[in-house]
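Me: I have a structure open and have not looked at it before. Can we go through it piece by piece?

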Amino acid sequence: MIKFIGEVELRNSRRVYYQEDSYRVEQINPNREQVTYSDDIPDKAVEYLYNQLKGCKVTPKDASTVLQAVAKNFNLPYNYGHKLDYYAQEVLVVLVALGKVSLSKDGRRYFYTIA
């Protein structure tokens, strides 16, 4: 059964869902609502990132560095590079939707404060 967790606004809106042992983040194009992009994120990656960065204010790049160490063990779709940076941002979006992380913006950059 798919459970809706919440919606997070970045440049585009993201909807977060939970099913079995993973989260799905769907990015909605505001100009064409029927076009979505999605990533499946294992819940163990979400918990790992949360536990490693608890009490910190981070960027997606910081989160990517933490995830890179376990990317192969968790079977993440990306192991390094800018795609892992993007994927790490989606993991942070899940944490925002869960209420474990607060989101702030400075210019064009987003910062995530882990409670």
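Me: How many residues lie between S2 and S3 in their hairpin, and which residue in the turn has a positive phi?
Reply: This is a predicted model. There are 2 residues between S2 and S3 in the hairpin, and glutamate 20 in the turn has a positive phi of about 55 degrees.

Me: How many bridges pair S2 and S3, and in which sense?
Reply: There are 7 bridges, and the sense is antiparallel.

Me: Is S3 largely enclosed or open?
Reply: Strand S3 (residues 22-29) is largely enclosed by the rest of the structure, because 6 of its 8 residues are buried.

Me: What joins S1 to S2?
Reply: A hairpin, through 3 residues. Strand S1 (residues 3-9) and strand S2 (residues 13-19) run antiparallel, with 6 bridges joining them. Across that pairing, glutamate 7 faces arginine 15 in S2.

Me: Where is serine 13?
Reply: Serine 13 is in strand S2. Its relative accessibility is 12%, so serine 13 counts as buried.

Me: What does serine 13 touch, not counting residues up to four places away in sequence?
Reply: Glu7, Val8, Glu26, Gln27 and Ile28. Isoleucine 28 is 15 residues from serine 13 along the chain, and 5.6 Å separates their C-alpha atoms.

Me: Changing topic. What is the order of the strands in the open sheet of 3?
Reply: The order is S5-S7-S6, and the pairing is antiparallel. S5 and strand S6 (101-106) stand at the edges; each has a single partner strand, so one side of each has no neighbour in the sheet.

Me: Which helix packs on that sheet?
Reply: H3 does, touching S5, S6 and S7, and its direction makes about 50 degrees with that of S7.

Me: How many bridges join S5 to S7?
Reply: 2 bridges join S5 to S7, and these strands run antiparallel. Valine 58 is opposite tyrosine 112 in S7.

Me: Back to H3. Is valine 93 buried or exposed?
Reply: Buried: the relative accessible area of valine 93 is 0%. Valine 93 is in helix H3. Leaving out residues up to four places away in sequence, valine 93 touches Val8, Leu10, Arg14, Val16, Val25 and Tyr112.

Me: And how far is valine 93 from lysine 57?
Reply: Their C-alpha atoms are separated by 14 Å, and the two residues are 36 apart along the chain.

Me: What about glutamate 90, buried or exposed?
Reply: Glutamate 90 counts as buried because its relative accessibility is 1%. Glutamate 90 also lies in helix H3, which covers residues 81-97. Not counting residues up to four places away in sequence, glutamate 90 touches Arg14, Val25, Gln27, Asp39 and Ile41.

Me: Which residues in H2 are buried?
Reply: Pro60, Ala63, Ser64, Val66 and Leu67 are buried in H2. Those residues cover an arc of only 165 degrees around the axis, which puts them on the same side of H2.

Me: Why would residues three or four places apart in an α-helix point the same way?
Reply: Because an α-helix has 3.6 residues a turn.

Me: What covers the buried residues of H2?
Reply: The cover includes helix H1 (43-53), S5, H3 and strand S7 (109-114).

Me: Where is threonine 59?
Reply: Threonine 59 is in the loop between strand S5 (57-58) and helix H2 (60-68). With a relative accessible area of 8%, threonine 59 is buried. Beyond its neighbours within four places in sequence, threonine 59 is in contact with Leu92, Arg109, Tyr110 and Phe111.

Me: Now the rings. Which ring does lysine 57 lie over?
Reply: The ring of phenylalanine 111; lysine 57 lies over its face, 5.2 Å from the ring centre. Elsewhere, the charged end of lysine 100 sits over the ring of tyrosine 50, at 4.8 Å from its centre.

Me: How many aromatic pairs are there?
Reply: The count is 4 aromatic pairs. Among them, tyrosine 78 and tyrosine 87 are edge-to-face, with 6.1 Å centre to centre and 70 degrees between the planes.

Definitions and conventions:
Residues numbered from 1 in each chain as written. Predicted model: local features only at pLDDT ≥ 70, side-chain atom pairs only at ≥ 80, totals over all residues. Heavy atoms only, no water. Phe/Tyr/Trp six-rings, centres within 6.5 Å; stacked < 30°, edge-to-face > 60°. Lys NZ or Arg CZ within 6 Å of the ring centre and 35° of its normal. Helix = DSSP H or I, 4+ residues; strand = E, 2+ residues; numbered from the N terminus. Buried < 20%, exposed > 50% of the residue type's maximum accessible area, 1.4 Å probe, protein only. Contact = heavy atoms within 4.5 Å. Arc of directions from axis to C-beta. Pairing = 2+ DSSP bridges. Axes fitted to C-alpha atoms, helices over the stretch in contact; angles between N-to-C directions.
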